[in-house]
Amino acid sequence: MKYYLTTPLYYVNAAPHIGHTYTTMAAETIARYKRLRGYDAVMFTGTDEHGQKVERSAEAAGKSVVEFTDAISAEFRTQWERLNVRVDRTIRTTDPRHHKTVQWLFERCMKNGYVYRGSYTGQYCVYDELYVNDAKPGDPCPDCGRITEAVTEENYFFKLSAFSERLLELYEKDPDFVQPESRRNEVISFVKQGLNDLSISRTNIKWGIPLPVEGHHVFYVWFDALIGYLSAVEGESVEGEQLWPADLHLIGKEILRFHAVFWPAFLMGADLPLPKKVFAHGWLLFEESKMSKSRGNIVRAEPIRQVMGADALRYFLLREIVFGQDGSFSYDALIGRYNSDLANGLGNLLSRTLTMIRQYRAGEIPQGSGGAIATLASKTILDVTAAFDAFEFARGIEAVWGLLSALDKLIVERAPWMLFKSQNPEAPGLLDDTLYTAAEALRIAAVLLSPVLPQSAPKIWAQLGMTEPVEAARLDTLAWGQLPAGQRIGEIAALFPRIEMKDAVAKMRELEELVTQEQNVLLGKAPKPTAAPEIAPQSERIPIEDFTKVEMRVGQVLSVEPVKGATKLLHLKVDIGQGHPRTIVAGIAEAYQPEQLIGRKVVIVANLQPRKLRGIESDGMIVAASLEGGKPVLAGFLEDVPIGARLK
């Protein structure tokens, strides 16, 4: 059975970032999962290289358009190779194969009466490659907020207005065509408002595919790019089955209209089969706003790969974010999830299990049955299958972790290290059953997690002593009891070493700066100078008498712990030389880890009235510098000063 799925064709006006990575990793996870289900899955990704925006980006970079698109397209290909993403089919819209298909589909639409020549005068958004209906000169684009440009030109138009009823009928008869449900409702609402005919050619730009007509016309970038899904596999088949139509177009929600309205209408106009599903996922939010070049809050995958590995990033994106909804990204959350789930969870469980098999059973898998864990494992296989079929990756991964948690609990309860020493005649059999149960549960988990951890799952597989590749496993035959007793385990190696938060974040930020500089060079941009931090504006001046009322003393931090339910607050005990430590609640959790503060000397305002914060009475305030929009920096001392000394 074939399963053809696609990412968007990524626009080459800039280098790849983590938003592209999110879509592509999710798509390839689906492809790997479909192979587990027995499908011959074929994954596509490509680059969209035409349009006025690319022309202007190339000019800004001081390169020809061909040089510029070659360089950026290569950046995308290199990214997928480094991130262990298998790409089965691809297309660049500058490929002559693609040009031929675009012209062929246009001629089919024209022959069927859905294309006509006309003229257009109106406002145009260069950034979105989009005409803005009803906009006046100087008006911003409603999608991106940039100022539109006045355009008058002769165009070829596609009769999009003729497809309103057919599109609504499609959405009604096939509710799965647009998913998730919220996006489907959005598309239906848009079409019900009425569709205007769509300009599909340009005469004021040169960088594009020529129309097979008289005069100088090049295709509108969205008519051109969408056809890439077809041109990449035109005429190809898997086991005799044609790859087109696509089984899934996986996209970001910002390009939903083009894929769920324009694209099926183009295909209807050409009498061609429609894709089976368009799934629009949400955005990655960084510090509560969408990542974008204009905001300067872009995160790239390469620094994360170098510090933590590609599997760590893929796992976080699929486990932390409900697929289809917006999700937050931060380095702290990434490392926290890695340490809790992978290092302390799966990795630790694997290492403990294999070490006990080596120590207690000479490295051979013993005989066992599994009991309640076997029953849970069988249910987990069904739960993961149902979740992944619905692209509910977080729910599927959570089901696997339910199995691993139950296994961890069993090991603690049975205490194999005690069974090994026990004189009870039943102990050896119970020890064998415990070790077999742990190894077999890990084998099943490795198969279920192989689409999510494509580099790590084969390592788990090998350490369990399995010889056939984990990629050869199939969900329809996966069952408890297939791990052969007597099989020798492989070499034990740490799979997910624990990562220190502070060091890893600092390293990734440093690498992010380097990658940004490299890509600025690629884009022809001069590296931005490091801006001096803005400081808070000076307050109104006060008389010296007011200042002398403030009593500041040197304190030493004795203990620190997070405040439950608060992300910014720390609960500190501080010795200021008065016989008993002060309890202080300070909003410095985003700038300092608790272990950084133990033993540190700080400045305390000692004569403030106590106040309660999150149920804790705070008796004092820590003095820190305030950077506008930044994190606090604690005041300190170069020389050694005694605890309790007063500042004057």
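Which side chain is joined to that of glutamine 123 by a polar contact? In this predicted model, the partner is threonine 148, and the polar contact between the two side chains spans 3.0 Å. Glutamine 123 belongs to strand β3, which covers residues 115-125. Its relative accessible area is 4%, and because buried means under 20%, glutamine 123 is classed as buried. Leaving aside residues up to four places away in sequence, glutamine 123 touches Leu130, Tyr131, Val132, Ala135, Lys136, Pro137 and Gly138, as well as Thr148, Glu149 and Ala150.

Two cysteines were examined for burial. Cysteine 109 has a relative accessibility of 0% and counts as buried. Cysteine 125 counts as buried too, at 1% relative accessibility. A disulfide is a covalent bond between the sulfur atoms of two cysteines. The number of disulfides in the model is 0.

Nonpolar packing was considered next. In soluble globular proteins, nonpolar side chains tend to be buried together. The largest nonpolar core here contains 174 residues, and Tyr4, Tyr171, Phe223 and Phe329 have the most contacts inside it. Helix α16 (residues 427-449) supplies the largest share of this core, with 14 residues. For phenylalanine 223, the residues touched are Val102, Leu105, Phe106, Ile200 and Phe266, again without counting residues up to four places away in sequence. Another core, of 17 residues, lies apart from the largest one; Val557, Val574, Ile588 and Ile622 are among its members.

Conventions
Residues are numbered from 1 along each chain as its sequence is written. This is a predicted model: local features need pLDDT of at least 70, side-chain atom pairs count only at pLDDT 80 or more; totals for chains, interfaces and linings use all residues. Side-chain values use heavy atoms; hydrogens and water are left out. Helices (H or I, at least four residues) and strands (E, at least two) are DSSP runs, numbered from the N terminus. Buried means under 20% relative accessible area, exposed over 50%, partly exposed in between (1.4 Å probe, protein chains only). A polar contact is a pair of N or O atoms within 3.5 Å; within protein, one must be able to donate a hydrogen and the other to accept it, and residues adjacent in sequence count only if both atoms are side-chain atoms. Contact means heavy atoms within 4.5 Å. A disulfide is a pair of cysteine sulfur atoms within 2.5 Å. A nonpolar core is a set of buried Ala, Val, Leu, Ile, Met, Phe, Trp, Tyr and Cys residues joined through side-chain atoms within 4.5 Å.
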